[in-house]
Amino acid sequence: MSSPVHEDERLTAPRDFEPLQAATKRRMLIIVNPYATTVSDRLRHLVVYALQGRFEVDAVDTEAQGHATELCREAAHEGYDVVVAFGGDGTVNEAANGLIGALDGRAGASPTPLTCLPGGSANVFAKMLGIPGELVDATEHLLAMADDWRPRQVDLGVVNGRCFTFASGLGVDASVVARVDSNPRLKARLGAYYFTWAALTTFARRYLVHPPRMVAYADGKTLEGVTTIVQNGSPFTYFQNRPIEVAEGAALDSGALAGCVLHRARPFDMPSIAWRAFSRHARIARHRHVSSFPALTELTVQSADGRPLPLQVDGDYIGEVDEARYSILPRALHVVS
């Protein structure tokens, strides 16, 4: 039996290095989150070395929250041909916000395209773009991209001035994200299974009795509930490599948002909702205690009982809000994959 091939051995394989002439190489800035789940110094150096075969590469580590946003603004100003977010979906989110200059709610899209290397636990946006979830395969994908360069534009969702690439939520899922983010070691070690444990314990502690309630105003309708999910793309997330679908009709190039409101979270409701999350045929949006809203360009969610609502964007906990205003920026972000 042959011995297994490790990631670093595969990255140094000769077939990965068929350099273009220096004059034809595109300028690439790799923004690395050194604290992301699967990022290490060794893999960082090997990835950079591999990509230098096809690109003129610079790599910068992020040093604090929001740093990737600043780096992307500078990259667009300095004329890089592509920015690579090497980290989790939080790093991708910051990079996207930097490239479009929309942290203040105004669109100012840069033509500099964004692409990704998986370094987080879910890497949802990277997979949506068709980039493999394994780092070695993703690196090879980016190398091949040099010969098949096809940038395109995708939509971005916006909540309270903060852009998101694929999803945002208030209520149960945001509380789960907050719980997971509070223990990055277990998040890195256990991945999707830690999310599952956090979901069960968070539901039992915060939502089993008298959960915070909210009201969503969508397309002339008033929907009350305990959780609101808003998506800019599909799926909502992944359990390892299995897509978890929530909203119906969400797509990165639809020009609209989609989502749903969970009206209640009682113990005898949750097993059927969980089953629908993993089912290939049943849909959460069709559950009797869920109302869906496809193809919206605006949505407002407010606290219904005076208690602040937990908010997450792209799998990162943002904090508590009394109101969340959602909108869509069609074709705002340039990507290449």
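**Close-up views of a predicted model**

**View 1. Strand E3, residues 82-87, is mostly covered, with 6 of its 6 residues buried.** Buried here means under 20% relative accessible area, with exposed over 50% and partly exposed in between (1.4 Å probe, protein chains only). Strands (E, at least two residues) and helices (H or I, at least four) are DSSP runs, numbered from the N terminus. In a regular strand, side chains alternate between the two faces of the sheet. Both faces of E3 are covered: one has Val 82, Val 84 and Phe 86, the other Val 83, Ala 85 and Gly 87, all of them buried.

This is a predicted model, so to speak of local features takes pLDDT of at least 70 and side-chain atom pairs need 80 or more, while totals for chains, interfaces and linings use all residues. Residues are numbered from 1 along each chain as its sequence is written, and side-chain values use heavy atoms, leaving out hydrogens and water.

**View 2. E3 pairs with both E1 and E4.** Strands count as paired if DSSP finds at least two bridges between them. E1 (residues 26-32) runs parallel to E3 over 5 bridges, and Leu 29 has Val 83 as its bridge partner in E3. E4 (residues 114-118) also pairs with E3 in the parallel sense, over 5 bridges; there, Phe 86 partners Leu 117.

**View 3. Gly 161 sits in the loop between strands E5 (152-159) and E6 (162-164).** Gly 161 counts as buried because its relative accessibility is 18%. Its C-alpha is 9.9 Å from that of Asn 97, 64 residues apart along the chain.
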